Amino acid sequence: MRAGEGRLSIDCGSARTVAVLAWADGSAPLSFDGAPHLPSAVYVAADGQVWTGQRAWQAAGEQPSRFIPNPRRPVDDDLTVDSTRVDALDLAAAPLRRVAAEAERTAGQPVRDSCSACSLLATPLP
């Protein structure tokens with residue numbers, strides 16, 4: 001980490017994503033829609049945009065068929081949501097993009113140093 005620059009640490013979970021922005025002199029947890037975590041669930045809008053956080057949960061109440069509660073899946077496993085073809089990688093990346101945008105807003109500049117932890121998929125090993 002260079003002087004004056006922050007480091008972004010992200011814990012990506014199946015249910016929620018938590019992020020902390022750290023500097024040499026301290027750290028600050030990021031906030032999403034007023035909460036200390038971002039729900040990992042996403043919502044695919046009719047135009048193909050992928051929504052995260054409270055916006056995704058609120059939209060799910062109106063059109064639950066467009067709601068993906070756990071977007072982390074094998075990246076070669078694309079989906080069709082109400083006749084909209086969706087790239088699985090875009091779904092999994094949506095919460096991370098939201099975290100990156102919030103980190104940049106908080107830091108006042110792009111955060112170039114990051115680390116993340118993601119739990120393994122519950123797949124039996126051979």
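**Close-up views of a predicted model**

View 1. T52 belongs to strand β6 (residues 50–52), strands (E, at least two residues) and helices (H or I, at least four) being DSSP runs numbered from the N terminus. Because its relative accessibility is 9%, T52 counts as buried, a term that means under 20% relative accessible area with a 1.4 Å probe and protein chains only. The side chains of T52 and R98 make a polar contact at 2.9 Å (a pair of N or O atoms within 3.5 Å, one able to donate a hydrogen and the other to accept it; residues adjacent in sequence count only if both atoms are side-chain atoms). This is a predicted model, in which local features need pLDDT of at least 70 and side-chain atom pairs count only at pLDDT 80 or more, while totals for chains, interfaces and linings use all residues. Residues are numbered from 1 along each chain as its sequence is written, and side-chain values use heavy atoms, with hydrogens and water left out.

View 2. At the start of α2, a side-chain oxygen of D87 comes to within 3.2 Å of the backbone nitrogen of L89. A kink of about 40° is found at A94, shortly before the proline P95, the bend being the angle between axes fitted to the seven residues ending at a residue and the seven starting there. Buried residues of α2 include L91, A94, P95 and V99. Just after α2, G108 adopts a positive phi of about 80°.

Terms used: Buried < 20%, exposed > 50% of the residue type's maximum accessible area, 1.4 Å probe, protein only.
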